[in-house]
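Here's a protein model to look through together.

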Amino acid sequence: MRLGVLDVGSNTVHLLVVDAHPGARPLPAYSHKAELRLAQLLDPAGAIGPDGVGLLVATVRDALQAAEDKGVEDLLPFATSAVREATNADEVLARVRADTGVDLQVLSGAEEARLTFLAVRRWFGWSAGKLLVLDIGGGSLEIAYGMDEEPDAAVSLPLGAGRLTAAWLPQDPPDPDDVRALRRHVRAEIARTVGEFSRLGSPDHVVATSKTFKQLARLAGAARSTEGLYVQRELKRKSLEDWVPRLAAMSTGERAELPGVSEGRARQLLAGALVAEGAMDLFGVECVEICPWALREGVILRRLDHLPPG
């Protein structure tokens with residue numbers, strides 16, 4: 001069957017269309033993205049304003065039309081931290097439902113971590129052993145650890161690259177004092193969770209997902225996305241530590257000229273790098289493997305698991 005996943009994230013609204021059936025890997029058929037940056041459209045009270053809601057409704061409508069055009073049989077719509085944490089989340093969801101007919105399912109942070117972990121487990125397989133998975137989104141950082149398809153520990157922290165950029169790095173290029181303050185904040189938040197994971201033992205593999213980690217890996221010399229999904233990519237902590245001060249000294253425009261860095265993500269790349277560096281340092285990780293599958297694939301795989309065989 002042809003499935004569609006509609007992911008209303010903190011940075012983008014992303015429709016991913018795949019051809020899938022139980023027991024087989026989902027094959028991407030079409031991708032439709034719109035950058036909304038909902039995490040940066042929150043007003044001082046933490047609500048998504050009327051303009052932001054209007055943009056969201058229009059974007060969901062466009063995605064619905066694209067899904068229909070591509071023959072999607074089953075659409076799985078969900079929202080993550082930007083909608084989840086908006087003070088007017090219920091009103092936003094009701095407006096989207098009334099104007100488009102789409103009933104967005106709001107995932108908790110723990111659900112995000114578990115579904116991303118499922119996708120990583122399926123990608124690497126059982127032979128990968130104990131996995132520690134790190135995922136930096138626009139609104140949150142997810143961390144999960146385990147031997148099976150369901151992680152033994154899963155947490156979500158409010159350390160998304162878009163959220164931190166809006167709250168902590170208002171200037172362009174960023175003020176060095178702001179960068180230091182953000183670095184302290186990130187590390188204090190992550191440090192609170194380390195004990196929960198360290199008691200479970202050392203992982204056999206540490207895996208990173210998300211656009212932020214992919215772009216950082218590309219800066220450090222990983223293969224281009226055009227070379228395909230199956231090329232092994234990694235990010236070493238030493239390379240990341242070399243890049244952080246360089247990114248901090250650059251303007252958004254200068255970052256956008258770097259290899260693999262999209263114009264839309266350039267502003268928040270420094271905050272993402274500080275989160276990645278902090279997580280790798282505090283968890284004692286020298287190198288992460290980059291996984292091409294993440295939350296959207298996890299949602300698809302969970303749906304396929306509940307389909308009857310045949």
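Val207 stands opposite Glu289 in E11. The strands behind that pair are E9 (residues 205-209) and E11 (residues 287-290), which run parallel and are joined by two bridges. A quick word on names: helices (H or I, at least four residues) and strands (E, at least two) are DSSP runs, numbered from the N terminus. Two strands pair if DSSP finds at least two bridges between them.

Before going further, know that this is a predicted model, where local features need pLDDT of at least 70, side-chain atom pairs count only at pLDDT 80 or more, and totals for chains, interfaces and linings use all residues. Residues are numbered from 1 along each chain as its sequence is written, and side-chain values use heavy atoms, with hydrogens and water left out.

**The six-stranded sheet.** E9 and E11 sit in an open sheet of six strands, ordered E8-E7-E6-E9-E11-E10, with mixed pairing. Strand E8 (153-157) and strand E10 (234-236) are at the edges with a single partner strand each, so one side of each has no neighbour in the sheet. On average, neighbouring strands here are turned by 20° against each other, direction ignored. For angles, axes are lines fitted to C-alpha atoms (for helices over the stretch in contact), and values run from 0 to 180 degrees between N-to-C directions.

Two helices lie across strands of this sheet. Helix H10 (residues 269-282) lies across E6, E7, E10 and E11, at about 160° to E6.

**The five-stranded sheet.** Another open sheet has five strands in the order E3-E2-E1-E4-E5, again with mixed pairing. Its edge strands are E3 (27-35) and E5 (105-106), each pairing on one side only. Strands of a sheet pair through backbone hydrogen bonds, either parallel or antiparallel. Here's how some of the pairs look:

| Strands | Sense | Bridges | Residues opposite each other |
|---|---|---|---|
| E1 and E2 | antiparallel | seven bridges | Arg2 and Asp19 |
| E1 and E4 | parallel | six bridges | Asp7 and Phe78 |
| E4 and E5 | parallel | two bridges | Ala79 and Val106 |

E1 and E2 are also joined by a hairpin through three residues. Is strand E1 (residues 2-8) mostly covered or mostly uncovered? E1 is mostly covered, with six of its seven residues buried. Buried means under 20% relative accessible area, exposed means over 50%, and partly exposed is in between (1.4 Å probe, protein chains only).

**A buried serine.** Ser81 is found in helix H2 (residues 81-84). Ser81 counts as buried because its relative accessibility is 2%. Leaving aside neighbours within four places in sequence, Ser81 is in contact (heavy atoms within 4.5 Å) with Ser10, Glu112, Gly139, Ser140 and Arg163.

**The second largest pocket.** This pocket has a volume of about 280 Å³. Of the 13 residues that line it, the closest to its centre are Gln105, Leu107, Leu115, Val299 and Arg302. Strand E4 (74-79), helix H4 (109-124) and helix H11 (295-305) each give two or more residues to the lining. E4 gives the largest share, four residues.

A pocket is an open set of points on a 1 Å grid over the protein atoms alone, where a 1.4 Å probe fits, with protein on both sides within 12 Å along at least five of seven lines; lining residues have an atom within 4 Å of a point. Grid points are joined across faces, edges and corners, and the volume is the space filled by probe spheres set on the points.
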